[in-house]
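Here's a quick briefing to read alongside the model. Have the viewer open and follow along.

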Amino acid sequence: QVQLVESGGGLVQTGGSLRLSCAASGSILGIRAMGWYRQAPGKQREWVAEVTSGGNTNYADSVKGRFTISRANAKNTVYLQMNSLKPEDTAVYYCNADVWTTATISSDYWGRGTQVTVSS
């Protein structure tokens, strides 16, 4: 089994910053991509950012230039530095990881989410 645990959410004013962390643990042989998604009230979950095992990053247009994703491979941890936050960034943020659990099988895992609220 693999567990993903997010931390770092909270309440911040417009223009402020937060840093999210997500640590993966369990039966992990390796991790391919790690990423962040978010879901605002009444909306579908949307992709925010991802980082590959090689360190390549991709971002949704809505966060490009404000958010930075990074990972510490030795710690099986991914981070999301969020700057210049806007009220529309308010959502539950979920961590996602594509994990090798055997030599030939990788599976998607999700964390339970952490709330980010940006006040205007």
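Leaving aside its neighbours within four places in sequence, which residues is Leu80 in contact with? The list is Leu18, Arg19, Leu20, Trp36, Val48, Ala49, Phe67, Thr68, Ile69 and Tyr93, where contact means heavy atoms within 4.5 Å.

Some ground rules before the details. This is a predicted model, so local features need pLDDT of at least 70 and side-chain atom pairs count only at pLDDT 80 or more, while totals for chains, interfaces and linings use all residues. Residues are numbered from 1 along each chain as its sequence is written, and side-chain values use heavy atoms, with hydrogens and water left out.

**The nonpolar core**

- Leu80 also turns up in the largest nonpolar core, a set of 32 residues in which Trp36, Leu80, Met82 and Tyr93 touch the most other members.
- A nonpolar core here is a set of buried Ala, Val, Leu, Ile, Met, Phe, Trp, Tyr and Cys residues joined through side-chain atoms within 4.5 Å; buried means under 20% relative accessible area, exposed over 50%, and partly exposed in between (1.4 Å probe, protein chains only).
- At least two core residues come from each of β1 (2–7), β3 (18–26), β4, β5 (46–51), β7 (67–72), β8, β9 and β11 (114–119), and β9 gives the largest share, five residues.
- Strands are DSSP runs (E, at least two residues), numbered from the N terminus.
- In soluble globular proteins, nonpolar side chains tend to be buried together.

**Salt bridges**

- There are five salt bridges in the structure, each defined as a side-chain nitrogen of Lys or Arg within 4 Å of a carboxyl oxygen of Asp or Glu.
- Arg38, Glu46, Arg66 and Asp89 are linked in a salt-bridge network.
- Arg38 pairs with Glu46, with the closest N and O atoms 2.6 Å apart; Arg38 is buried at 5% relative accessible area, whereas Glu46 is partly exposed at 35%.
- Arg38 also forms a salt bridge with Asp89 (2.9 Å, N to O). Arg38 lies in strand β4 (residues 30–39) and Asp89 in the loop between β8 (77–82) and β9 (91–100), so this pair ties together parts that are 51 residues apart in sequence. Arg38 and Asp89 are both buried.
- Asp61 and Lys64 make another salt bridge (3.1 Å, N to O), and Asp61 counts as exposed at 66% relative accessibility.

- β7 and β8 pair antiparallel over six bridges, and Thr68 has Gln81 in β8 as its bridge partner.

**Hairpins around β5**

- β4 and β5 pair antiparallel over five bridges, and Gly35 is bridged to Glu50 in β5.
- The β4 and β5 hairpin has six residues between the strands, and Gly42 there takes a positive phi near 75°.
- β5 is joined to β6 (residues 57–59) by three bridges, running antiparallel, and Ala49 has Tyr59 in β6 as its bridge partner.
- The β5 and β6 hairpin has five residues between the strands, and Gly55 in the turn has a positive phi of about 95°.

Key:
Helices (H or I, at least four residues) and strands (E, at least two) are DSSP runs, numbered from the N terminus. Two strands pair if DSSP finds at least two bridges between them.
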